[in-house]
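Dear colleague,

Please read the notes with the model open beside them.

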Amino acid sequence: MKTPKGTRDLLPEETRLFQAIEQRAIDFFGRYGFQEIRTPLFEETSLFIRGIGDETDIVTKEMYRFQTKGGDDLTLRPEMTASVCRAVVQHHLVGKDELLRLLYMGPMFRYERPQAGRYRQFHQLGAEVFGSADPLIDAETIQALIAFLEPYQLPNLTLHLNSVGDETDRPQYLAYLREALTAVRDQLCADCQRRLETNVLRLLDCKNPTCRQQLVALKPISDFWSAENRQHFEAVCNYLAQVGIRFEINPFLVRGLDYYTKTAFELLSGDLGAQSAVMGGGRYDKLLEQIGGSPTPAFGWALGIDRLVTLIRNQGTSPEPATDLFFVFGERAWLDESFALICQLRAQGFSVLYDPRVGSFKSQMKRANKHQARLTAIIGESEYQSKTVTLKDMAKSEQQTLALDQLASYLKEVLAC
């Protein structure tokens, strides 16, 4: 038996990376006022059709949709922004003149061809801000993302930025696209020929090389921006420039979801092959209203944790397990007598391991090295008789003798636990 196609087991080494990213996210974004929210793994299908768009690839090709025995039409969540918005509306989380910042993380599900860094069950980390149309919120939320990623020292990352306008200027652009692309209809893929009639903006997101060739001569959406939307986008760019964030303006960036208005952005990596987007996001001022809520401006992004883990591992910067102390015993009976001490040390916050097989000192020291132990506590015949331990610093190859009753206080001092 194997895992289903497009899924995988997260083994301990990779799970540690996931945990480290998730814990850092909770701590880091808490500085910006974000609070974590958790929603069900499945929702009513109508939520995603109304929110994401019935002509997006997600809805037409990728959703895991099913009916319950009671006849309910449900879908495993393919993304979480719509779910978070549903929760905001259902529980009345944001009122007039209020600002709400929410953080989420967890598995999503899309039926698509698995490839580098992309799975049918994948994991996302996301941030959503509700209650403000201010371009400063766009810039601040992007800045928070960039700052969050800095310690990972990821190479070849590029921020792509665009504005997709809104109901004041997008209709004129869509009319232009439909007229210009109808003239080359025969050179478009079957999907794009259908999109010409149903959702022409989706053509700009097509990855087919032949279709992309037809886009080269098109006017950019910036030629159609209203004065207000142009001012909003320029303000976002200026705020990002103030804090030293570099970006490229990509006039054909529209993202793959229908709910975006104004700012849209992606963070791309040259280390992930053809599917180079590590994350993306933007403004969606109409989504809450579309799913039955009050008009509420919003901005957010979603980061692929699987892809981030792939980039970190390619860098060779995966964190090792934190083992503070590894006990080495000359006799199994001495381990048994030390069991209470081991439990006490763990209760005080230390990571403590041992080999229950005991074996030779050499084999136990090898296991200590395998677990990346910072210190080893050796109890041989002389240590057992004198109720002491020989404490060895594994990195410095230095050792000293301590009384057993001094071990906990020494660890607190040295390891700052």
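In these notes, rings of Phe, Tyr and Trp (its six-membered ring) are taken to pair if their centres lie within 6.5 Å, with planes under 30 degrees apart counted as stacked, over 60 as edge-to-face and the rest as tilted. By that criterion, ring pairs join Phe-28, Phe-29, Tyr-32, Phe-34, Phe-148, Tyr-152 and Trp-301 into a cluster. Please note that this is a predicted model, in which local features need pLDDT of at least 70 and side-chain atom pairs count only at pLDDT 80 or more, whereas totals for chains, interfaces and linings use all residues. Residues are numbered from 1 along each chain as its sequence is written, and side-chain values use heavy atoms, with hydrogens and water left out.

There are 17 aromatic pairs in the structure. Phe-28 and Phe-29 form an edge-to-face pair, because their ring centres are 5.2 Å apart and their planes stand at 90 degrees; both residues are buried (under 20% relative accessible area, with exposed meaning over 50% and partly exposed in between, for a 1.4 Å probe and protein chains only). The rings of Tyr-173 and Phe-224 also have their centres 5.2 Å apart, but with planes at 55 degrees, so this pair is tilted. It links distant parts of the chain, since Tyr-173 belongs to helix α6 (residues 170-182) and Phe-224 to the loop between α8 (209-213) and α9 (227-242), 51 residues apart; helices (H or I, at least four residues) and strands (E, at least two) are DSSP runs numbered from the N terminus. Tyr-173 and Phe-224 are both buried.

Arg-8 lies over the face of Tyr-119, at 4.1 Å from the ring centre, and Arg-120 over that of Tyr-111, at 4.0 Å.

Glu-128, in strand β6 (residues 121-130), counts as buried because its relative accessibility is 0%. Its side chain makes a polar contact with the side chain of Tyr-284 (2.4 Å), such a contact being a pair of N or O atoms within 3.5 Å, where within protein one must be able to donate a hydrogen and the other to accept it, and residues adjacent in sequence count only if both atoms are side-chain atoms.

Finally, Ser-222 lies in the loop between α8 and α9 and, at 21% relative accessibility, counts as partly exposed.

Note on methods: Lys NZ or Arg CZ within 6 Å of the ring centre and 35° of its normal.
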